[in-house]
Amino acid sequence: MLSYPFMQNAYMAGTLIAIISGIMGVFVIARNMSFLTHTLSEIGFAGAAFGIFMGWQPLNGMLLFTTISSIGVGELGAKSSRRENAISAVSALAIGLGILFLSLADTNASYATGILFGSVIGISRANVIQMMALSAGVLLTLVVIYRFLKFDSFDPIGARVEGLWTRTLSVIFLILLAFSVSVAAQIVGSLLIFILLTLPAAAAKYFVHTVGKMAGLAVIFALVGVWTGLYLSYVTNWPVSFFIAAIEAGIYFIALAVDWAKN
Amino acid sequence: MSEPILQLDNVSFAFPDKTVIENLSYTLEKGAFLSIVGENGVGKTTLMKMVLQELKPSNGRVRFLPNRNSVEIGYVPQFRNIDPEYPLSIRDFIGLNFAGFRTPWLTKKERQRVGELLTETKLTGVSDRPLGQASGGEKQKAYLAQALLDNPNLLILDESTASLDPVAKTELLDLVKSLNQRLGLTVIFVTHDIPLARHYSDQYLFLTPGTYEAGPISALSDEKVAKMNNA
Ligand SMILES: Nc1ncnc2c1ncn2[C@@H]1O[C@H](COP(=O)(O)OP(=O)(O)OP(=O)(O)O)[C@@H](O)[C@H]1O
Ligand SMILES: [Mg+2]
């Protein structure tokens, strides 16, 4: 299986995705941003479609759209009830735009399903290299702001009281999230990214109780899903995102059951 | 003889629809243990937020002495959003306050400091339990420990004992009092519990709508409390 270059690429990309999603997921969960992550991935779909329409790499279109909108969301700021509604509106608009760009670009339907639901064969070595650069950027930034981000995510009231620069921090986090969403979409597709960015971290918090350990365990859960999913997809020819979704959901429900049994 | 650490000069605060603090002047001495009392909604938390510079007085000013940088504030807020599923252990929660551009992991010295505070707050036995599953008293102690982490010289407790049983109240305040006496930590204790204020503090500031009264705690008589509450 690994003698095929496209499978090598898929495994390299999948590994990067799992690492980034697992770590970012811990903060997504702590900051209650699952819903926003889902919307960002829909915006990513619109961006990818726009990229195709313009004749770019879909990833570049995604990066453009998700980054701009994450900064926009940051500006919407704290009013959270208004934010939820604004996000729903943006999300509907994004899907509409995505469909429009795809039809204007006159590509075949399989290309569209590739963006929406992910694919194993679509990843080139050049994609992998770009993903590596993006992932390295995200990880490096995370290391630099880690202690601040940790405080602000897990105790926003305490962080504000201590005078942390929480506004800037949340904009930086949203940009990192935009990058992560764009990277993760390459294999699981826009519609299912939020699986990798939420479920592994949501499951991990039932087993371990420090930020570092949660990130580590979430990465392991994500890797199990991605690696196994790629293998099963190769063997059965079924979509990889189906297997990843099933495995991650399975891990999450097991975690819930274990927690329920403990208490 | 005694030096001031915090000075409120003619401070007022007006929300768009109502004024909560009017022309309040008060000087807090270094090493004092001040209780702030007053009915719900009179503006105690608002006053504390001005001290924290989270709110700007509409009038007057808040000064730190000898200067702002000489005062490190530890604050235990009245409300905190810790739900039952909150995952971080008590130990990790306390360590959050070591923010800075440093290694992602805590250094040995930093871990020792967390250990010291766990011992002082008697939380060592439960330190690895998720904070979400801790009792109300354990949570309050963890908040206190987190606030004390970076060695503040001014500690503000906003109704930190309200949800605690009598034993837990005493334990928490005994610890604060011992830091007050041993290290000269200045304490502001916002409370509705007059007996508790009498037992632990040496000064009081009684806020009532539109006015206030301050003095040594011995001057806070029952009649005064009753009268001001009826006024
Ligand atoms: N953001 C706000 N906008 C308008 N009014 C506010 C705001 N925050 C507080 N208030 C009002 O200001 C008053 C003072 O509130 P504050 O929280 O300071 O009271 P408190 O003395 O701490 O009361 P408690 O004992 O209940 O904690 C209250 O009437 C409150 O409703
Ligand atoms: Mg209050």
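Two strands count as paired if DSSP finds at least two bridges between them. With that in hand I opened this predicted model and went to the sheet in chain B.

**Sheet, chain B.** I looked up the partner of B:Pro4 and found B:Glu29, in strand 2 of chain B. Strand 1 (residues 4-15) and strand 2 of chain B run antiparallel, joined by 8 bridges. The sheet is open and has 3 strands, in the order 2-1-4, with antiparallel pairing. Strand 2 (18-29) and strand 4 (59-64) of chain B are the edges, each pairing on one side only. I noted an average twist of 15° from one strand to the next.

**Helix 1, chain B.** I then checked what helix 1 (residues 44-51) of chain B lies across: strand 1, strand 2 and strand 4 of that chain. Its angle to strand 1 of chain B is about 125°.

**Ligand 1.** I counted 15 residues around ligand 1, with B:Lys18, B:Gly41, B:Lys44, B:Thr45 and B:Thr46 the closest. Next I looked at polar side-chain atoms facing ligand oxygens. B:Thr46 sits 2.5 Å from one. For B:Asn40 the distance is 2.9 Å, and for B:Glu159 it is 3.1 Å. Alone, ligand 1 exposes 650 Å², and the protein buries 64% of that. Strand 2 and helix 1 of chain B are the elements that give two or more residues to the shell. Helix 1 of chain B supplies the largest share, 3 residues.

**Confidence, chain A.** The mean pLDDT is 89, and 95% of the residues score at least 70. Helix 10 (residues 211-236) of chain A is highest at 96, while helix 5 (residues 109-117) of chain A is lowest at a mean of 73.

Conventions. Residues are numbered from 1 along each chain as its sequence is written. Chains are lettered from A and ligands numbered from 1 in the order in which they are written. This is a predicted model: local features need pLDDT of at least 70, side-chain atom pairs count only at pLDDT 80 or more; totals for chains, interfaces and linings use all residues. Side-chain values use heavy atoms; hydrogens and water are left out. pLDDT is the predictor's confidence in each residue, from 0 to 100. Helices (H or I, at least four residues) and strands (E, at least two) are DSSP runs, numbered from the N terminus. Axes are lines fitted to C-alpha atoms, for helices over the stretch in contact, and angles run from 0 to 180 degrees between N-to-C directions. Contact means heavy atoms within 4.5 Å. A residue is near a molecule or strand if one of its heavy atoms lies within 4 Å of it. A polar contact is a pair of N or O atoms within 3.5 Å; within protein, one must be able to donate a hydrogen and the other to accept it, and residues adjacent in sequence count only if both atoms are side-chain atoms. Accessible areas come from the Shrake-Rupley method with a 1.4 Å probe; for residues, only the protein chains shown count as cover.
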